[in-house]
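Good morning, and thank you for making time for this presentation.

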Amino acid sequence: MAVHPSVIVFDVNETLSDMSPMGQRFADAGAPAHLAKQWFASLLRDGFALSTTGDSAGFAAVGAEILAPMLDAVGVAEPEEAASRLASSMGDLPLHPDVVDGVRALRAAGYRLVTLTNGSAKVAEALFASAGIRDEFERLLSVEQAPAWKPHPGAYAYAAEACDAGPDELLLAAVHPWDIHGARRAGLHAAWISRGGGTYPSYFAAPDLTVASVGELRGALG
């Protein structure tokens with residue numbers, strides 16, 4: 001399907017950032033490595049619940065509050081301090097290997113690049129600055145300034161307004177099918193980055209494009 005967006009809107013957590021080191025960080029803190037994935041899923045669950053009721057809260061604050069009792073339950077000493085440290089460590093994760101060249105190719109092709117993350121814009125700032133691609137992005141948008149977390153329609157409307165563009169001029173690039181669904185229902189185009197393969201859920205609105213990496217996105221857009 002041919003799509004011609006002027007703005008590429010990137011999700012950040014897992015789409016651009018590589019969260020695999022979080023398992024080792026949890027292990028180093030004395031928790032099972034697999035707890036990292038359980039924690040992140042719980043964090044998203046509670047953020048979605050807040051969005052459904054029209055409420056919102058900071059990503060890091062929700063993350064730390066959820067994590068502390070999880071760490072306490074597995075015997076981690078000083079769980080609140082450990083939870084705060086682990087939650088904040090998402091700001092120094094690496095980017096996936098395909099991100100830097102893929103982002104630069106899209107920017108060189110004339111696309112406007114922004115983010116729209118459920119996390120903090122400061123996290124994206126740190127990730128991109130350390131990788132030398134901060135200047136490739138026009139704006140680093142976060143739902144901190146939006147009515148609610150993604151996939152609430154208000155989050156995507158906020159991005160369109162911030163970019164002074166219509167929803168159909170934006171294309172969301174994300175690894176999460178729930179994010180793709182939210183964007184499509186809000187009138188945006190969407191590209192599913194299917195890291196690791198897998199099948200896109202049939203019960204969600206379908207993406208316009210499916211690519212295996214950020215590096216493939218430029219070619220897929222024609």
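Helices are DSSP runs of H or I with at least four residues, strands are runs of E with at least two, and both are numbered from the N terminus.

Which residues meet here? From α1 they are M22, G23 and F26, and from α2 they are L35, A36 and W39; contact means heavy atoms within 4.5 Å. The residues of this contact divide into 5 nonpolar, 1 polar and no charged.

Residues are numbered from 1 along each chain as its sequence is written, and side-chain values use heavy atoms, without hydrogens and water. As the model is predicted, local features need pLDDT of at least 70 and side-chain atom pairs count only at pLDDT 80 or more, whereas totals for chains, interfaces and linings use all residues.

F26 and W39 return in the largest nonpolar core, which has 79 residues; together with F10 and L71 they have the most contacts inside it. Such a core is a set of buried Ala, Val, Leu, Ile, Met, Phe, Trp, Tyr and Cys residues joined through side-chain atoms within 4.5 Å. Buried means under 20% relative accessible area, exposed over 50% and partly exposed in between, with a 1.4 Å probe and protein chains only.

Let me turn to α3. The buried residues of α3 include F59, I66 and L71, and its buried residues pack against α1, α2 and α4. Leaving aside neighbours within four places in sequence, L71 is in contact with F26, A31 and L35, among others. Just after α3, G75 takes a positive phi of about 85°.

Finally, the backbone. Most residues other than glycine have a negative phi, and most peptide bonds are trans. E14, although not a glycine, has a positive phi of about 80°, and E14 is partly exposed, at 29% relative accessible area. D164, also not a glycine, has a positive phi of about 50°; D164 is exposed, at 72%. The peptide bond from K150 to P151 is cis, with omega near 10°, and P151 lies in the loop between β3 and α7.

Methods:
Nonpolar A, V, L, I, M, F, W, Y, C, P; charged D, E, K, R; others polar.
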